[in-house]
Amino acid sequence: MAGEQVEKRGVKYKSSIKDPGTPGFLRINEVMLLFVPNDPKSDSKLKLQTKNIKSHKYTKEGSNKPPWLYLTTYQGRNHIIEFENYSDMHTCRDFVAALLKSDEEPKKAAVTTSTEQLSIKELELRFKLLKENSELQRLHKQFVESKVLTEDEFWATRKKLLGKDSIRKSKQQLGLKSMMVSGIKPSTDGRTNRVTFNLTPEIIFQIFAEKPAVRQAFINYVPSKMTEKDFWTKYFRAEYLYSTKNTAVAAAEAAEDEELAVFLKPDEILARETRQKIRRVDPTLDMEADEGDDYSHLMDHGIQRDGTMDVVEPQNDQFKRSLLQDLNRHAAVVLEGRSIDVDSEDTRIVAEALTRVKQVSKADGETTKDANQERLERMSRVAGMEDLQAPQNFPLAPLSIKDPRDYFESQQGNVVNVPRGAKGLKRNVHEAYGLLKDSIVEIRATGLSDPLIKPEVSFEVFSSLTRTISTAKNIIGKNPRESFLDRLPKSTKDEVLHHWTSIQELLRHFWSSYPITTPYLHTKVGKLKDAMSNTYSKLDAMKESVQSDLRHQISLLVRPMQQALDAAFQHYEADLQRRTAKSSDGERPNGYV
Amino acid sequence: MIFKIEDVTVYFPYDNIYPEQYEYMVELKRTLDAKGHCLLEMPTGTGKTIALLSLITSYRLSRPDSPIKLVYCTRTVHEMEKTLAELKVLHDYQVLHLGTQAKILAIGLSSRKNLCVNTKVLAAENRDSVDAACRKRTASWVRALSTEKPNIELCDYFENYEKAAENALLPPGVYTLEDLRAFGKNRGWCPYFLARHMVQFANVIVYSYQYLLDPKVAGIISKELQKESVVVFDEAHNIDNVCIEALSVSVRRVTLEGANRNLNKINHEIDRFKANDAGRLLAEYNRLVEGLALRGDLSGGDQWLANPALPHDILKEAVPGNIRRAEHFVHVLRRLLQYLGVRLDTENVEKESPVSFVSSLNSQAGIEQKTLKFCYDRLQSLMLTLEITDTDEFLPIQTVCDFATLVGTYARGFSIIIEPYDERMPHIPDPILQLSCHDASLAIKPVFDRFQSVVITSGTLSPIDLYPRLLSFTPVVSRSFKMSMTRDCICPMVLTRGSDQLPVSTKFDMRSDPGVVRNYGKLLVEMVSIVPDGVVCFFVSYSYMDGIIATWNETGILKEIMQQKLVFIETQDVVETTLALDNYRRACDCGRGAVFFSVARGKVAEGIDFDRHYGRLVVMYGVPFQYTLSKILLARLEYLRDTFQIKEGDFLTFDALRQAAQCVGRVIRSKADYGMMIFADKRYSRHDKRSKLPGWILSHLRDAHLNLSTDMAIHIAREFLRKMAQPYDKTGTMGRKTLLTQEDLEKMAETAVQDMAY
């Protein structure tokens, strides 16, 4: 469906049934419904995101009405589009119907939405996050569905999860382990000569990546010629033969068994890849090119045995593979990383995907002139001496460091994201500056008269926490790993934990709403306060309901939560009083509208 | 910046200059004025290359009436590319300030394998088959034949180049190999032959040492260079080895077998020609009677490698009568092969002088010295007559003829050593007959004689007085420059003990001690966990590296290392090593760093820079002594003692330490760079060894760092890295100027004038 669109000329757009209609041009694609009037001066231009379309109706053929298409949005608005004929209308109708169908699933996930600017992608991401994190889901259910928080508010504090980085991060592939494939050691049962290898998909992937010949053999042989188990048995047999370093035996076995020979022979696919890669290598490293100039070592010329170059046993034996080669190959594969996005248990699928990726990269290698150009540019850049000249601007790769703005955004998220109330309230820079200045002056004059938490309260919280910890330790002194929570019945424990997270969520929203600058925040705080007192009573109820032997412990656990809530209530009351006092003075607080 | 050194206006493409670069230019200028040779040692990381290029090109600009040509020799192709890249920067700068009159033509020259653009030719596996594939399409007789038989495949690029004839010229500019290929492809001209043709017009030529030192190649490529050239050998600390290798050749059993097959084929060809085209052989005979070894001027496609002997040693005489006829020559070669075969059948090591070898050859096989001397020329003439194009197949017989020519030409400075097997692997019979050159001055002599100025320069030429003796020349300037340090950006350490206080060394009796291997491993495990970015390790030999890595793998040390950094290793396969290096760099670029295991005296140690984050620490495991029981080495040492009065021990230590210095010097490229160097062997703490290190390392080697154990070294490393990570003042502190601006230089020039006035 991607990229499809329908275009119709000669349609009329009506905002209501009585509207005579503006003639124009209609285009619908998967994200947008666009109506452009023929008369450029007309203001009845319509832009409608298709995901906001709630439903559609249309006039039936044969009825005496003209071919109309009614579209209802989630915002409750109606749009009517009149077509020239029925067939045009039907094509558009079918398209819209298909769109609505495909949109249904993310819609459900999002439950309610006031978000005009959310794309399907974001919704999908939210849905995914909720699915992955059951705790989040529970919170979402509790607060959003009970309308304590709106969808936007809920997510505003979790910008980080939604941020672009997180999308990328969630897609980041796990690299390969630095362990060598040859390091896979079998386990033995100690009695017989049988050995057992445990192959995980990860190991298999690594083997396939490092040894294309094995991968190819797997595609060729399994399952047509042998089972997967036989295949790996043969593979490890071959590995064993390597490790014995007995090339004569290896040669003999390879001669008898052609499938085994595949594993023992030098890897041809690898050799081909190598030849490919060597052409793209940095010319300042290309030692192969030196060979081309070295006429002194033309066959048997130059000095052979003066002891400068030492001799290693002849390497031409085809059944010999050196550890050094393995190490280089391994490091190259790890560096390349996991190139495929297949998360499958099926070995064959993995093998095929890898082969495909290799072919693609090979094709790339042949066509990339850019890479060549970049290589040369880099070389000339390196040729210069860095400290003799003014510093150059090297291309920088951004470090993945936690963005400090995340913190502020989450705090001020609600203010920034105020969807409707604040819309008419676009302050310009000067106004904002003025407000800021005023509040600074005020603080200077009066001082911070209203500390967020009173010292007594914080002291109490602190001391009680210390006590809780120490008593909990005393009780369970014998087993430090077992915490008090583990002794609670599971349901109670879950309840306690859930209350804790929900209180945290509520408090976070609560405190970040201050200072209250808009009526929107005002109502929000009210709602939050209700929800908090609700939770407060629930905590009380829980305290009552547990068995007596645990009650003390529970109350200790619950106390800090309640204290935190108490602090919030106090603040709320104090603020409310101040505001009523102020508004009775006829004076509006900063930015209050 | 633009400044004056005496009467020369120097164009230097950067805003600042190091004081030592300035001094270096001053000395270089004096050499050029004196039209003599010089020897300049300047530490790595002080911008030798750009100082050199900028002075010589500026010198050329200031003397428009007698333009000098710069022949810049590098050891490797990638150094060639780097030099050309620097020259590009310089050239752009000079053109910017002087306009078109500063335009020069600079080319890099390499073999067909690196320059060819014909995909079919390039498909050949190695250099020799590329050469042969090219010759098959470009030899004059092939092209002549193709007019009759259209199905013979020629090379379009070569044909177009030939068609363009004199018009095939490169416009001025700086051309790297890649640029040459691109230009060739674009114009449809063969870049290889174009570049070779342009050698005589170019102002700057950058190519490999061997194109000047190895008579086989120099004979074709560098024949026509004018005397008014400045020849520069960069990174020349190993130049003596290049020289002796250029004149050494050996014969193995496979060589003899191959040569016999070649002779069979030649015989077959002779028979074929006798039947079809007897006139051709007769013409050759007549030409040889007249005293011409080769028929006049050879077209590019026909040229093969030139005579292995040095130009002034080649006789300009008629080829002796007994090998003028093709069959007779083949018979002589057969007898020679037979004799060599008999000699190879020895059970003992034999050492002989060329004179006695030639006389016994004469008495036993009846081949005279003069005949031997002409072997190479006679073979080449025969192959041209027989129109043989697949030269790569005829390498064995060529090797034998090269051997014969050299042994017949030189009576001193060489020895013949026959070994039945390699000393280190007595169980594998591999007889070899080696003609090895001991006198490095032989190969380089023609260069000193031919060119007005020869500059030998490197980061490590200590002791600097040894080189004039080894190469027997008298430099007008011989200087070693100190490095002015902005901060202590290098940190050499001598590690003598492991954490358990047991001594570490690669001395023969200790190297396989498990304690030493473990301590070496632990050192690296600790270091990779604290050093950011790249770590490079050098071992004394491949076999030692192989062994130690295998042990580390078994004992789990390798696994611990791999938990911190990826491991890449130099192997004897260049392609694999190149890829490993490329991956290593990419791993370092990623940020986590990697470890590279390499070998002293190996290809990587010779030419790859591990500058900046590509190398923050280099560990030199052991002292890279040569294998002292090698017969060739012993013969060379004996020759050095007798001829130059250089003591064996001194030479061995000198050689080992220059290799070690070379290895550790790879980590520094500029003063903004920093790196640590660990010499992990107890022998480095001894004064006689240590003092042979170049001065710029010694000056940073504190007494407290001379006898460290692993844990102390780690402590020092931590401190050093923390210190280096701080920002610093680039222009130098405490009154020491380490970075000069144009004003500084002008001031310096003024004071110099004043000094002279007083």
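Apart from neighbours within four places in sequence, B:Thr653 is in contact (heavy atoms within 4.5 Å) with B:Phe625, B:Asp688, B:Lys689 and B:Lys692. The model is predicted, so local features need pLDDT of at least 70 and side-chain atom pairs count only at pLDDT 80 or more, while totals for chains, interfaces and linings use all residues. Residues are numbered from 1 along each chain as its sequence is written, chains are lettered from A and ligands numbered from 1 in the order in which they are written, and side-chain values use heavy atoms, with hydrogens and water left out. B:Thr653 belongs to helix H29 (residues 648–664) of chain B; helices (H or I, at least four residues) and strands (E, at least two) are DSSP runs, numbered from the N terminus. B:Thr653 counts as buried because its relative accessibility is 9%, where buried means under 20% relative accessible area, exposed over 50% and partly exposed in between (1.4 Å probe, protein chains only).

The contact between the chains takes 109 residues from chain B and 64 residues from chain A. About 7,800 Å² is buried between chain B and chain A, with carbon and sulfur atoms giving 59%; buried area is the accessible area (1.4 Å probe) that two parts lose on being put together, summed over both. B:Tyr14, B:Arg127 and B:Glu245 supply 8% of the area that chain B buries against chain A, more than any other three residues. Helix H26 (residues 574–590) of chain B gives the most to the side of chain B that touches chain A, namely 15 residues.

Elsewhere in chain B, seven strands form an open sheet with parallel pairing, in the order E17-E18-E16-E19-E20-E15-E21; two strands pair if DSSP finds at least two bridges between them. Strand E17 (566–569) and strand E21 (708–709) of chain B each have a single partner strand and stand at the edges, so one side of each is left without a neighbour in the sheet. E17(B) runs parallel to strand E18 (residues 594–599) of chain B, joined by four bridges. B:Val567 has B:Val595 in E18(B) as its bridge partner.

Most residues other than glycine have a negative phi. B:Ser472, which is not a glycine, has a positive phi of about 40°. B:Ser472 lies in the loop between helix H22 (466–471) and strand E14 (477–480) of chain B, and counts as partly exposed because its relative accessibility is 45%. B:Asp533 also has a positive phi, near 60°. The loop holding B:Asp533 is between helix H23 (514–530) and strand E16 (535–539) of chain B, and B:Asp533 is buried, with a relative accessible area of 17%.
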